[in-house]
Amino acid sequence: MGKHVLLIEDEPNIIEAISFILRQDGWRVTTHSDGASAASIIEKSAPDLLVLDVMLPGKSGFEILRDLRATDATRELPVLMLTAKGQTKDREEALALGVSVFMTKPFSNKEMLAAVRELAS
Amino acid sequence: MPRTLVGSRIRERREARGLKQADLARRAGISASYLNLIEHNRRGIAGKVLLDIAEVLDLEIAQLLEGADSALVQELQTAAAQADNPVELDRVEELVSRFPGWAGLVAKMQRRGDQYEHTVEALSDRLTHDPFLSESLHEMLSSVTAIRATSGILTQVDTMEQLQQRRFQTNIYEESSRLSDLSQAMVSYFDQLAEGGQTLTTPLDEVEAFLERHHFHFADLEASGPEMVMSLIEQSTGLASHSARHIAADVLLLYQDDAGRMPLEPFLEAALETGFDTAVLAARFQVTADAVFRRLAFLPPGGSLPDFGLIVCDGTGAVLLRKPIPGFSLPRYGSACVLWPVYQAMTRPHAPVTAVLETVEDRVFRAEAMATYQPVPGAAGAQVVRSTMLFHAARREDAVIEGKPLLSVGLSCRICAREGCAVRREPSIHSAPL
């Protein structure tokens with residue numbers, strides 16, 4: 001079985017499409033849609049890579065990322081952040097918080113897959 | 001207006017009445033050659049001669065000395081301050097008196113330019129911060145992302161279970177329907193914007209429109225009980241949402257409280273007597289300065305009172321209440337110029353902050369602000385800070401009188417063209433570099 005990707009995203013049709021693409025590529029994909037409980041899910045499932053949306057119910061992707069980088073176990077976890085907010089300040093905030101790759105919606109499947117492969121290598 | 005230009009005005013008024021120079025001179029009891037010198041501003045004029053000429057021209061002396069065109073002169077001076085090329089500022093009065101039509105046209109163009117600028121500011125503010133647009137754009141991008149990813153799968157993956165394929169087709173159908181609804185909602189939103197010039201999108205917008213309809217003054221609340229507040233709100237058709245009525249009630253109850261502490265007649269008298277000295281007024285009526293700011297901003301409109309503007313923000317910069325005045329726009333959703341006293345005051349609550357502000361358009365305003373801590377019941381001892389700023393049109397000399405340099409400010413970085421600003425957060429749409 002391939003490496004484990006945890007996808008935290010609240011749009012069901014995006015979840016389904018990304019999950020399909022990654023599974024086709026040999027990844028084991030689990031998903032979660034709530035920001036508030038994301039930290040405990042990450043801790044329990046210990047993914048190899050996290051695909052994280054910014055706008056989530058309960059807690060934003062930025063806050064989740066901040067918590068991850070402040071925790072020893074997840075400090076180095078590769079995180080691909082997805083956002084519909086492409087403003088420079090959001091990108092800068094994500095980079096300052098320690099994001100691995102920041103990707104603006106809409107993106108192509110090829111771009112997303114390439115980013116995931118690169119992060120896992 | 002200097003007296004040397006009274007001559008130009010006399011000539012202009014004489015010509016407007018179709019009088020010949022010789023006729024006016026004869027009727028005023030002076031020689032035509034002397035009147036000629038006066039009209040060309042080569043001789044001063046005062047006393048009986050001035051009185052006689054004013055009488056023949058059927059004018060008040062003040063009209064000749066002060067001129068009814070001082071507002072026009074001021075408008076032209078404002079226009080000249082924004083010009084890139086050198087302008088003969090010392091001859092502006094001559095322009096007004098000799099070519100009133102052209103002067104009026106320049107002033108009109110200046111006013112129109114100002115209007116366009118304010119429209120750009122308002123639209124930029126709306127596009128950046130409008131919650132409806134922000135939410136709609138986010139949803140559109142999410143839908144487009146889902147459609148792009150799903151259609152990509154359907155075209156790129158050769159073998160797929162039929163059930164999965166159908167699911168993806170359904171997803172695309174769902175997302176395209178959502179996109180269609182969103183597009184319609186946005187078109188309808190922009191139509192409304194174009195038709196009305198204003199679209200009420202938030203409860204605060206509704207409250208602001210309600211206050212504007214009442215010219216920020218409520219005579220009925222000057223001496224009444226809380227039931228009058230509720231009655232005013234119930235009677236208002238503009239306060240559609242529950243949230244707007246709730247916010248309006250808070251604003252009006254505070255108004256009523258201020259009115260109780262600073263009754264209108266004695267407050268107006270004291271305000272005029274002290275020259276609107278807010279510190280003295282606060283001490284005399286035993287209230288805080290921010291209460292005086294609100295009271296001054298909510299005085300009856302018109303008359304000889306200055307036009308006071310007001311903005312109230314909380315510690316996050318969110319705008320809680322605003323009363324704009326001509327020439328001093330206020331942001332609808334926060335993110336104004338960080339140099340404004342309303343923000344400076346938050347760094348030291350309960351201490352008044354005053355400044356004479358110079359806007360990018362070279363207009364001058366005097367502003368004073370004070371922040372106060374507000375208790376938050378049941379918030380584990382947390383306090384919030386709320387800052388209030390009062391402002392009104394002023395003169396450059398006021399900065400000298402206050403012993404402070406003029407403070408150059410903008411509205412917000414995004415629409416501020418000021419170059420070399422040390423506190424710029426983001427590039428301007430006018431392309432001022434970071």
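**Notebook: the chain A and chain B contact**

I began with polar pairing: the rule finds 7 residue pairs in polar contact across the interface of chain B and chain A, both partners at pLDDT 80 or more. I keep in mind that this is a predicted model.

Next I asked which helices of chain B face chain A. Helix 9 (131–156) and helix 10 (162–196) of chain B each supply at least two residues of that side. Helix 9 of chain B gives the largest share, 12 residues. I sorted the residues on this side of chain B by type and got 8 nonpolar, 8 polar and 5 charged.

Then I looked up charge pairing. The rule finds 2 salt bridges across the interface of chain B and chain A. One that I noted joins E16(A) to R167(B), with the closest N and O atoms 2.6 Å apart.

I turned to the extent of the contact. Chain B brings 21 residues to it and chain A brings 15 residues. I read the buried area between the two chains as about 1700 Å², with 59% from carbon and sulfur atoms. Three residues of chain B stand out: H138(B), T145(B) and R148(B) supply 31% of the area that chain B buries against chain A, more than any other three residues.

Last, I checked chain A itself. I found 5 helices and 5 strands. Along the sequence, chain A reads β-α-β-α-β-α-β-α-β-α. Of its 121 residues, 50% count as buried. Among contacts in chain A between residues at least 6 apart in sequence, I noted that 60% join residues at least 24 apart. Its accessible surface comes to about 5600 Å², and carbon and sulfur atoms hold 51% of that.

Note on methods
Residues numbered from 1 in each chain as written. Chains lettered and ligands numbered in written order. Predicted model: local features only at pLDDT ≥ 70, side-chain atom pairs only at ≥ 80, totals over all residues. Heavy atoms only, no water. Contact = heavy atoms within 4.5 Å. Buried area = accessible area lost by both parts, 1.4 Å probe. Salt bridge = Lys/Arg side-chain N within 4 Å of Asp/Glu carboxyl O. Polar contact = N/O pair within 3.5 Å; in protein donor to acceptor, adjacent residues only side chain to side chain. Helix = DSSP H or I, 4+ residues; strand = E, 2+ residues; numbered from the N terminus. Nonpolar A, V, L, I, M, F, W, Y, C, P; charged D, E, K, R; others polar. Buried < 20%, exposed > 50% of the residue type's maximum accessible area, 1.4 Å probe, protein only. Areas by Shrake-Rupley, 256 points an atom, 1.4 Å probe, with all protein chains shown as cover.
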